[in-house]
Amino acid sequence: MSQTVDRALSILPLLAQGPADLGQVAERLDVHKSTALRLLRTLHEHGLVYRQQDQRYRLGARLFALAQEAVENLDVREIAHPHLVELNENCGHTVHLAVYEEQEVLYIDKVESRYPVRMYSRIGKPVAITVAAVAKLLLADLPEPERRAVAEKLDYPMYTSRSTPNAGAFLKELAVVREQGWATDLGGHEESINCIGAPIRGADGRVVAAMSVSAPNVVVTAEELLTLLPLVRRTAETISREYSGTDNRPKKA
C-alpha cells in the first residue's frame, strides 16, 4: 500500500513540470501503463490531476485549492512562538514578531526580557515604521514600485538623531536590507534601545513576518547585540522552513 501511495505522489511533481501523457508517466515511475493509468484515475477522481482533451494529464484545480486553503490557515505566530521562546531563553533579551497589514507594521507576539529593564512595546501595537528593524524587513520585500509609493507617503519623525530623515534615505536603507537579508535599529527610535531582526519567509520566498531581538544599552552594547545576529537569522530560517515546508532561499532584488 505504501508503495502505491509513493508512486501516486511521485506523479504530482512530474505534472508540476507540465502536462504528460500516460506513457511518460509510466516511464517516469518505471511501471506498466496499466499501473500508471490506475494511479492517474485515482488522482483524477480526487481532483488532483485532470485529463485534457489531448489525453495528457496536468495538475488539477483541487490541488491548488487545497494548497491555498493550507496557506490561509497557517498561523505564523503559532508556528514561530516556541522558537521565539527558545531564542529568548538563549539570549535573555526581548523578542518580537511582526507583520505588515493595511499600511502598518504590527507586533503579533512578544517574549519579555529576563532583565529588569523592559520595553514598553505591546502585542497589537503598530511599530515606528521608519526606524524599526522589523518594519524595514517587511517593507524591503515589497515590489519596488510599491516600496517607493509607501516610502513617499510616510512621515519621518526624528525620534532621535539616528532616525531616518526622509524617503530617499529610507529607500536606500531598504535596498541594503533587501540585499543583506537582515536589519537593525541602533538607537533610531530610542537612544538607549538597539534592535536586530531577520525575515520569516513563506513557500514562495516572500517575507510573511519579521522577528527581532531588542535590548537597552544598560544591558548590552550595540556591538554585543550584533554578535547575536547569526543566532537570530538561524531562528528565522528555522521558522521559515517550518512555516513553508520548504528549504527556501531569499530572493534577490
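Helices (H or I, at least four residues) and strands (E, at least two) are DSSP runs, numbered from the N terminus. The model shown in these close-up views is predicted.

**View 1. Secondary-structure elements around the largest cavity.** Three elements, α6 (133-140), α8 (167-180) and β6 (193-201), each give at least two residues to the lining of the largest cavity. The space in this cavity is about 70 Å³. The count of cavities of 30 Å³ or more is two.

**View 2. Residues lining the largest cavity.** The lining of the largest cavity consists of 10 residues. Closest to the cavity centre are Leu137, Val177, Arg178, Arg201 and Val207. Sorted by class, five lining residues are nonpolar, four are charged and one is polar.

**View 3. Cys91 and its closest cysteine sulfur.** The model has zero disulfides. A disulfide is counted when two cysteine sulfur atoms lie within 2.5 Å. For Cys91, the closest cysteine sulfur belongs to Cys195 and is 11 Å away, so the two are too far apart for a bond. Cys91 has 8% relative accessibility and therefore counts as buried.

View 4. Cys195 takes part in no disulfide. Its nearest cysteine sulfur is that of Cys91, at 11 Å. With a relative accessible area of 8%, Cys195 is buried; the cut-off for this class is under 20%.

Methods:
Residues are numbered from 1 along each chain as its sequence is written. This is a predicted model: local features need pLDDT of at least 70, side-chain atom pairs count only at pLDDT 80 or more; totals for chains, interfaces and linings use all residues. Side-chain values use heavy atoms; hydrogens and water are left out. On a 1 Å grid over the protein atoms alone, a cavity is a set of points where a 1.4 Å probe fits but cannot get out, and a pocket is an open set with protein on both sides within 12 Å along at least five of seven lines; lining residues have an atom within 4 Å of a point. Grid points are joined across faces, edges and corners, and a volume is the space filled by probe spheres set on the points. Ala, Val, Leu, Ile, Met, Phe, Trp, Tyr, Cys and Pro count as nonpolar, Asp, Glu, Lys and Arg as charged, and the others, Gly among them, as polar. Buried means under 20% relative accessible area, exposed over 50%, partly exposed in between (1.4 Å probe, protein chains only).
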